Amino acid sequence: MADTFQNYIGGTWQPAASEATFANVNPARTSDVIGHFPQSSAQDVDAAATAAREAFASWSRTPAPQRGEILRHLGDVLTERKADLARAMTREMGKPFFETKGDVQEAIDTAYYAASETRRLFGHTVPSELPSKFNMSIRRPVGVVGVITAWNFPVAVPTWKMFPALAAGNTVVFKPSEDAPHSGMLLVQAMLDAGIPPGVINLVQGAGEAGQALVEHPQVNAITFTGSTETGSKIGEVCGRMHKRLSLEMGGKNPMIVMEDADLDLALDGIVWGAYGTTGQRCTATSRLIIHEDVHDEFVGMIQAEAEALTLGYGNDDDTEMGPLINQAALDKVTNYIQIGQDEGATLLFGGQRATGDGLDEGFFFQPTLFTDVTPEMRIAQEEIFGPVLSVIKVSSYEDAVEIANSTKYGLSSAIYTQNVARAFQAMHDIEAGITYVNGPTIGAEAHMPFGGVKETGNGHREGGWEVFDFYTETKTVYVDYSGQLQKAQIDNVED
Ligand code: UN1
């Protein structure tokens, strides 16, 4: 019998008000049921938002460095639990153990970074235009933050959102992906064990209904979302109407440019990791290879040899290099794009099928796949597939490479491999993306650096690093007039 798990609202673990549940399975072995989780509705979200609102009064008044002490301790708790959390995460969402350990490490880094920022939540002091008057800005928390996340980084990405939000004095209602509820639950358990007070963190499991209720709840002041561009647009409409602060992290069609002077062995390691790591299920995954014609045939052959040798399997088995897709819908979507690519006239060089045999039949495994003869306007060059499918586009110049790199609606991550320093620096400016890597793949963001995309990938905010604190705080401008008299700005100090 699989376990039944609960929501955490206002300091108590409890089922959904309706008592409805959903089952979550291991995508590598679908007969392995991880558990049953609350299928929450607006009623549960309301209870959670109300609890978060109540807790805000004391949490927002707690000195920021004290909040930081709890977050620092949380980093310690996550460090102790790193292997256990990673094992559970691999079982739930499929990526290999070495990757899920990295996911937990990203959460640990985020905890320590957020803790350190609590001693540095800077405002400004600025000269006044009037005598005996003091001008400054301070940061105030925004209020209750609704956190809605995807399943592919089920610990790291929620921490990018929750830890700085908490550091800044906000309280949180967290709705994990319905494909990774167990990881979300284990993360919240770690937060509670580290001393995050009841009501400051609330966990509401469920699907779109719960997410929508969170977005629409009048007590929730800010929403932070990682997921599809389509869902992000719907959330944006509601938040626009309700004047809510909103941070969106959405799709990508991330290009890697490989120039004729690139170190091909280095680029090979980068492309195999960027395109097939996490089974291509990262918003930062390398999904387009834009390559100079002089090295195209040689490099594509090198990729084929490496990709076809990857060991697919259950991620908690030691030799596994690539896990399954997350669910049947993902398998159907990726399979459909193989057909689309072939219908468009691209050449399916290798892969393209569900991977079977040798312990794979019970999971959503898909072969590493590569299309050549892809042209920039093809759907497989424009749309996010979110699977181990790489589209290769041949070019004859740097200018063409950049133009094609910039020709999608997305702009999250990007990479260029070249040994020409001038060209590398030029690319940093020319590529339309929130992130550019030089001589590294499109994946591998670090917790203390800003993360986010341009165009339809985002809405202007950044997660991670120092910039995320601009999202989780309101600026309060303060004037202190100690002259003992009324001083009129723009009037008393200007002689006409
Ligand atoms: C995501 O896919 O949503 O840079 C985040 C990376 C990871 C984060 C990916 N550190 O690929």
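The legends below describe close-up views of a predicted model.

The model is predicted, and for that reason local features need pLDDT of at least 70 and side-chain atom pairs count only at pLDDT 80 or more, whereas totals for chains, interfaces and linings use all residues. Residues are numbered from 1 along each chain as its sequence is written, and side-chain values use heavy atoms, with hydrogens and water left out.

**View 1. Packing of helix α2 against helix α5.** Helix α2 (residues 64-80) packs with helix α5 (residues 156-167) at an angle of about 150°, and their axes are 9 Å apart. Helices (H or I, at least four residues) and strands (E, at least two) are DSSP runs numbered from the N terminus; axes are lines fitted to C-alpha atoms, for helices over the stretch in contact, and angles run from 0 to 180 degrees between N-to-C directions. The two helices, α2 and α5, are therefore roughly antiparallel to each other, a term for angles over 145 degrees. On the α2 side the contact (heavy atoms within 4.5 Å) is made by A64, R67, L71, L74 and L78, and on the α5 side by F163, L166 and A167. Seven of the residues in this contact are nonpolar and one is charged, with no polar residue; Ala, Val, Leu, Ile, Met, Phe, Trp, Tyr, Cys and Pro count as nonpolar, Asp, Glu, Lys and Arg as charged, and the others, Gly among them, as polar.

View 2. S183 lies in helix α6 (residues 181-194) and, at 1% relative accessibility, counts as buried. Buried means under 20% relative accessible area, exposed over 50%, and partly exposed in between, computed with a 1.4 Å probe on protein chains only. Its side chain makes a polar contact with the side chain of E92 (2.6 Å), a polar contact being a pair of N or O atoms within 3.5 Å; within protein, one must be able to donate a hydrogen and the other to accept it, and residues adjacent in sequence count only if both atoms are side-chain atoms. When neighbours within four places in sequence are left aside, S183 is in contact with M89, E92, P154 and V155.

View 3. A polar side-chain atom of E106 lies 3.1 Å from a nitrogen atom of the ligand, while backbone N or O atoms lie 3.0 Å from a ligand oxygen atom for G444 and 2.7 Å from a ligand oxygen atom for A445. T284 is placed in the loop between α9 (264-276) and β14 (286-292) and, at 8% relative accessibility, counts as buried. Apart from neighbours within four places in sequence, T284 is in contact with N254, L412, S413, T442, I443 and F451.

**View 4. The buried residues of helix α7.** Helix α7 (residues 208-216) has A210, G211, A213, L214 and V215 as its buried residues. What covers them includes α1, β8 (144-148), β9 (171-175), β11 (222-226) and α8 (229-242).

**View 5. T125 in strand β6.** T125 has its place in strand β6 (residues 124-127) and is exposed, with a relative accessible area of 58%. T125 and M136 are eleven residues apart in sequence, and their C-alpha atoms are 4.3 Å apart in space. With neighbours within four places in sequence left aside, T125 is in contact with F134, N135 and M136.

Notes: Angles under 35 degrees count as roughly parallel, over 145 as roughly antiparallel, 65 to 115 as roughly perpendicular and the rest as oblique.
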